[in-house]
Amino acid sequence: MAANKSEGHAMASKGNIELFSPTYFAACAAGGVISCGPTHTSVTPLDLVKCRRQVDPKIYTSNLGAWRSIFAKEGLRGVFFGWAPTAVGYSFQGAGKYGFYEVFKYYYGEKLFPNTNKTIVYLGASASAEFLADMALCPFEAVKVRMQTTLPPYANGLREGWSKVTAKEGIGGLYKGLYPLWGRQIPYTMVKFATFETTVNQIYKTLGKPKESYNALQQTGVSFLGGYIAGIGCAVISHPADVMVSKLNADRQ
């Protein structure tokens, strides 16, 4: 603990953000917005086809065929249909996921259970963070899935979709898929952070030099590789609950 504090003060003296300070946690939350919002929005075309095929396996024969069909009828706007709730929802979720993860990792690992195995701390912190982050994501995910899986579209935009759900079902309609969302996202995030942290630590051990001895580009490369490996496990473990989220939020009769 003392070492962490001294490291934090040393970083602050160099003009960097002090470790575990409010500014540090805020920066992590901001990083979550930047990393989750734009990335999820950029893959909206893939998410659109995925959700429709989960609800109706016979609607398209392939992803490529689906994009061709949608583009021919609706143009680029149709291919990116649902981008607004995706951008807003995953920005909020990213802020909660990354911000709260660092908060819980600090309190679990440094304050409450300082002698606990690090992997257990990573798992506990990530589960706690995702539990809260999904409460912010769920309403936007509900609107997005209804927009994307209902033909003709349930709504043409985030504002219209939000208004229609709340008018018909109240605020509870926006949280109808919360339990399967937790079932999808909490295991996903636990695997993501625990695998990422462990993989990155193992890579530096294999390289034989501490992280600080590498430049920013090299550290980014290690992080990218760790994230890629973690992402494979995330996708596998979260897929069954992902199907449930799509089916529960779909508005098809």
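## A charge over a ring

In this predicted model, the charged end of Lys192 is placed over the ring of Phe193, 5.8 Å from the ring centre. Arg146 likewise lies over the face of Tyr154, at 5.7 Å from the centre of that ring. A charge sits over a ring if NZ of Lys or CZ of Arg is within 6 Å of the ring centre and within 35 degrees of the ring normal.

## Aromatic pairs

Phe193 also pairs with Tyr98, edge-to-face, at 5.4 Å centre to centre and 75° between the planes. Rings of Phe, Tyr and Trp (its six-membered ring) pair if their centres lie within 6.5 Å; planes under 30 degrees apart count as stacked, over 60 as edge-to-face and the rest as tilted.

Tyr98 belongs to helix α5 (residues 83-112) and Phe193 to helix α8 (residues 178-207), so the pair ties together parts 95 residues apart in sequence. Helices are DSSP runs (H or I, at least four residues), numbered from the N terminus. Phe193 is buried, at 6% relative accessible area, while Tyr98 is partly exposed at 22%. Buried means under 20%, exposed over 50%, partly exposed in between (1.4 Å probe, protein chains only).

The count of aromatic pairs is 16. Phe20, Tyr24, Phe25, Tyr106 and Tyr107 form one aromatic cluster.

## Basis of the values

Residues are numbered from 1 along each chain as its sequence is written, and side-chain values use heavy atoms, with hydrogens and water left out. Local features need pLDDT of at least 70, side-chain atom pairs count only at pLDDT 80 or more, and totals for chains, interfaces and linings use all residues.

Methods: Helices (H or I, at least four residues) and strands (E, at least two) are DSSP runs, numbered from the N terminus.
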